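Q: I would like to learn how to read the packing of helices and rings in a protein model. Where do we begin?

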Amino acid sequence: MTMSQSGGRRRPPTIHDVAREAGVSRGTVSRVLNGGHYVSPAAQEAVNAAIRRTGYVVNRHARSLITGRSDSIGFLLTEPQERFFEDPNFNVLLRGCTQALAAHDIPLLLMLAGTDDERRRITRYITAGHVDGVLLVSSHSGDPVAEQLRDAGVPLVMCGKPIGVGSKISYVAADDRDGARDMVRHLVSLGRRRVGMVTGPLDTPGGVERLAGYREVLTDSGIELDERLVTSGDYSRASGEAGAELLLERAPDMDAVFVASDLMAQGVLSALQRAGRSVPGDVAVGGFDDSSAAVAASPELTTIRQPYDRISSEMVRVLLAQIGGEDPAAVILPTELVKRRST
């Protein structure tokens, strides 16, 4: 590093320092930094080695003026802020996406937009070019954000299958319906015939698909569908507790319950305990996600494992490909039944 003229502080290394250290031209260094096109393997290795030796760090602001890109990605959660801190799934997805982008030296900006005003402000910020693309982690039908970003030409990948937003939006999703089928088949295989369900919000893909899987298996098993055994929640623990209380009131003979998230299932377990019902003796309980809430529950939850590591990495892969000019894509990943003590 070179000493600054104003004192003893060392100035940061520049692209000229890297070129001199590598024995190549400044243009060659620039091409390596912008993807390595038209650079020989030997020159690319020499530049990368020089970057390591000098400690050179890309000036993102300067590069963005040239490329027209911000070199950052937005992680957008259109839920109230408290949901981000309560639901462990959002943190797992955020961490996974951050790690996947770190491999490309791209920072991730967390954006929370739980109200109409917040969504309008965030949409203006995004469409002004402050991020190169968006990972939309929660979206409800009727929420205009996804369509507005798509129509503005912003590269976008949704977590979960889109509802009511038409085509041409990329998404990565776990197979919610198949996971629900696996769980309900498991409950029925235990001899349970009065199987209740606490659904997720029915304006979200997970809410709709998991309910559909529940209904399909009961019908295929010759078990009459009883709408008194179905109630909806919002993926919070409190809504699971309220849902279980309602189901017990409507159908006191309920002997199993499929809950559309582990966090809601914790609330279900609390309600069953207060009502004097043993788990799994009186009522078997199955969750969905295989989040930290599943192993923190008492008893530990039988649940459906979502592959969050793969969901995160696939969302990043699809988004970067779209930023690079590829067409929108859809990826559906398999789930897995994890048996524990609640069934």
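A: Begin with the words for angles: those under 35 degrees count as roughly parallel, over 145 as roughly antiparallel, 65 to 115 as roughly perpendicular and the rest as oblique. Keep in mind that this model is predicted.

Q: How are two packed helices described?

A: In general, the angle between the axes and the distance between the axes describe the packing. Here helix α1 (residues 15-22) packs against helix α3 (residues 41-54) at about 120 degrees, and the axes are 8 Å apart. α1 and α3 are therefore oblique to each other. The crossing of α1 past α3 is right-handed.

Q: How many aromatic pairs does the structure hold?

A: It holds one aromatic pair. Planes under 30 degrees apart count as stacked, over 60 as edge-to-face and the rest as tilted. The ring planes of Phe258 and Phe288 are at 45 degrees, with the ring centres 6.4 Å apart, so this pair is tilted.

Q: Where in the chain do Phe258 and Phe288 lie?

A: Phe258 is in strand β10 (residues 256-259), and Phe288 is in the loop between β11 (284-286) and α13 (292-296). The two are 30 residues apart, and the pair links distant parts of the chain.

Q: Are Phe258 and Phe288 buried or exposed?

A: Both Phe258 and Phe288 are buried.

Notes. Residues numbered from 1 in each chain as written. Predicted model: local features only at pLDDT ≥ 70, side-chain atom pairs only at ≥ 80, totals over all residues. Heavy atoms only, no water. Phe/Tyr/Trp six-rings, centres within 6.5 Å; stacked < 30°, edge-to-face > 60°. Helix = DSSP H or I, 4+ residues; strand = E, 2+ residues; numbered from the N terminus. Buried < 20%, exposed > 50% of the residue type's maximum accessible area, 1.4 Å probe, protein only. Axes fitted to C-alpha atoms, helices over the stretch in contact; angles between N-to-C directions. Left-handed = near helix turned anticlockwise from the far one by under 90°.
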